[in-house]
Amino acid sequence: LSKVPSAKHPYFFSQTAQSQVQLEDALDRLRSMMFDLNESVIFMMSYPRLYRQPCSMHILLGNCMFGRQMEAELVIKFLLHTHPHCSQDLEVMPIVGPPRVGKSTLVAHVCKDERVRDYFSEILWLCDSNFINDELACREGCAMKHQNQVSNSNKGKRLLVVIELSRNLYEDAWSRFYLASKRSFCCGSKIIVTSRLDRVAKFGTAQALTLKHLSHEAYWYFFKTLTFGSMDPETHPRLA
């Protein structure tokens, strides 16, 4: 305390005066900024408001397939279902429906699920080009969508094979592929077959999942929610 300058010291008076000047200058600048900001607010209030959709709605719609939540859960339940005693049968689930109804998109969303990616060591995709002369081409021709790098003794080498068919598949070709897969695939592996042909349902060991186009009301809800963020016209006057 003895080193602190006294209030009567000239140095103390000079520092106090200088600080007072700086403080008044800062207050003047703040008043000027507040006045300018007030003018800016009044200017912007003369324009109509731009309503923005909540970010949470985009996150919700981006992480799920709109209108297919129940179907996605059915497919995931099929993939994760395990028999108490390892069955020798290789389970197959057909997904059928008209063109561009969302069969491949549904499977892609299911394959992004962490539960599915952790359960299978690899996820392979096949298409019509992998079937030559009604026989399956070599495995190197498959497109690998996912490979689990984490070692898990319980997971083993379980495979998920997704077959996208745009045309008819002969029954004898399917039988050869199915028998070869049953001999080589690890226990717990699964197959999903997508096709626009209803006759593919006979290849499945599980009940086929049939997709239909959504209703017009559902499409309108999806469009309005993406564009305006809600269905309430009072919240979004432009919606009307």
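Predicted model: local features only at pLDDT ≥ 70, side-chain atom pairs only at ≥ 80, totals over all residues.
**Entry: Leu-80**

I began with Leu-80 and found that Leu-80 sits in helix α3, which spans residues 69-80. Is Leu-80 buried or exposed, or something in between? I noted a relative accessibility of 26%, so Leu-80 counts as partly exposed. Next I looked up its contacts, skipping residues up to four places away in sequence, and I listed Arg-115, Val-116, Tyr-119 and Lys-190. I also checked one pair of C-alpha atoms: Leu-80 and Val-116 are 36 residues apart along the chain, and their C-alpha atoms are separated by 7.1 Å.

**Entry: Glu-91**

I then turned to Glu-91, which belongs to strand β1, residues 91-96. Glu-91 counts as buried because its relative accessibility is 16%, and the cut-off for buried is under 20%. Which residues does Glu-91 contact once neighbours within four places in sequence are left aside? I wrote down Phe-78, His-81 and His-83, then Ser-189, Lys-190 and Ile-191, and finally Thr-205.

**Entry: strand β2**

My last stop was strand β2, residues 122-126, where 5 of the 5 residues are buried. I sorted them by face: Glu-122, Leu-124 and Leu-126 are on one side, with Ile-123 and Trp-125 on the other, and both faces are covered. Which strand pairs with β2, and in what sense? I found β6, residues 159-165, pairing with β2 in the parallel sense over 5 bridges. For Leu-126, I noted Ile-163 as the bridge partner in β6.

How values were computed. Residues numbered from 1 in each chain as written. Heavy atoms only, no water. Helix = DSSP H or I, 4+ residues; strand = E, 2+ residues; numbered from the N terminus. Buried < 20%, exposed > 50% of the residue type's maximum accessible area, 1.4 Å probe, protein only. Contact = heavy atoms within 4.5 Å. Pairing = 2+ DSSP bridges.
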